[in-house]
Amino acid sequence: MKKLSARRRHPLAAVVVLLLALACTGGLYAVFAPADKAQAEETAQSLTIEEGKKLYTVGCASCHGASGEGTSDGPSLVGVGAAAVDFQVSTGRMPAATSQGAQVPAKKNIYSQAEIDQLAAFIASLGAGPSVPTEEQYGPEGADIAKGGELFRNNCAQCHNFTGKGGALTKGKYAPSLEGVDPKHIYEAMQTGPQNMPSFPDTTLSEQNKKDIIAYLHAVNSDETVNPGGLELGGLGPVSEGLFSWIFGLGALIAVAIWVAARTAKAKKS
């Protein structure tokens, strides 16, 4: 007992006890704190989904069904992902007007970004799908504009024309102009394929490819872009511009030929 008592009174005993106490406290914090944080995040996500469900019930369920299963007036939303919701609602295409035409046009959106995020969270909870891209994914850093132009002409110009000015499709549908469109929405459109547009997942066009295309569109549609040929004729490309020149050029030649023929000696005698 005397030996044990002497050890307790050792000058380093207090330091050892303090170190043990700190180690225990740190260990307990490491074990329980992450669980509390994860639980808090899960609770916040659940609240976001719940608020999104309320917004969905009021503004979307009449066409897409109470659980996003779809109806005769609207497609199923199961598995479309948060990116599709962010694109459609942010651009004002959804909610659509009561009487839909051949294509739902873009218009002023009626939801705040916080409400759009809540709607997106609810739809994402119905089934896995593309998530909303980050600025790093669609930003200009590290983009190859020349490569983006090549990819755009091969995959997109058939509908949007080679500078993204838009174009007509069949049965009253159209490819909208991409001039002035938010880069995030262009990325989301490629990822989800809205309306008549095919989707370009990462297996078809990689994240870098999408970044390159967005950088190209920004370059050709910026205010600093100069058209060395003069009038751009809407940026319709060599076929349309060549046809324009051919019609007016040939017409001018015919008019000159008629004028010359009318002033020949034989024409004057007759």
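The largest pocket in this predicted model has a volume of about 790 Å³. It is lined by 32 residues. Closest to its centre are His64, Pro75, Leu77, Gln88 and Met94.

Which helices build this lining? At least two residues each come from helix 2 (13-59), helix 3 (61-64), helix 4 (81-90), helix 5 (113-126) and helix 9 (183-192). Helix 4 gives the largest share, four residues. By class, the lining of the largest pocket holds 19 nonpolar residues, 12 polar ones and one charged residue. Both domains take part: domain 1 (43-126) and domain 2 (135-220) each contribute at least three residues to the lining of the largest pocket.

Now turn to the second largest pocket. Its volume is about 620 Å³. Here 34 residues form the lining, and His160, Pro176, Leu178, Ala189 and Met197 lie closest to the centre. Two or more lining residues come from each of helix 7 (145-155), helix 8 (157-160), strand 2 (174-175), helix 9 and helix 10 (207-221). Which element supplies the largest share of the lining of the second largest pocket? Helix 9 does, with four residues. Helix 9 also supplies at least two residues to the lining of the largest pocket.

The lining of the second largest pocket divides into 22 nonpolar, 10 polar and two charged residues. Its residues, too, are drawn from both domains: at least three come from domain 1 (43-126), and at least three from domain 2 (135-220).

Note on methods
Residues are numbered from 1 along each chain as its sequence is written. This is a predicted model: local features need pLDDT of at least 70, side-chain atom pairs count only at pLDDT 80 or more; totals for chains, interfaces and linings use all residues. Side-chain values use heavy atoms; hydrogens and water are left out. On a 1 Å grid over the protein atoms alone, a cavity is a set of points where a 1.4 Å probe fits but cannot get out, and a pocket is an open set with protein on both sides within 12 Å along at least five of seven lines; lining residues have an atom within 4 Å of a point. Grid points are joined across faces, edges and corners, and a volume is the space filled by probe spheres set on the points. Ala, Val, Leu, Ile, Met, Phe, Trp, Tyr, Cys and Pro count as nonpolar, Asp, Glu, Lys and Arg as charged, and the others, Gly among them, as polar. Domain bounds come from an automatic or database domain assignment.
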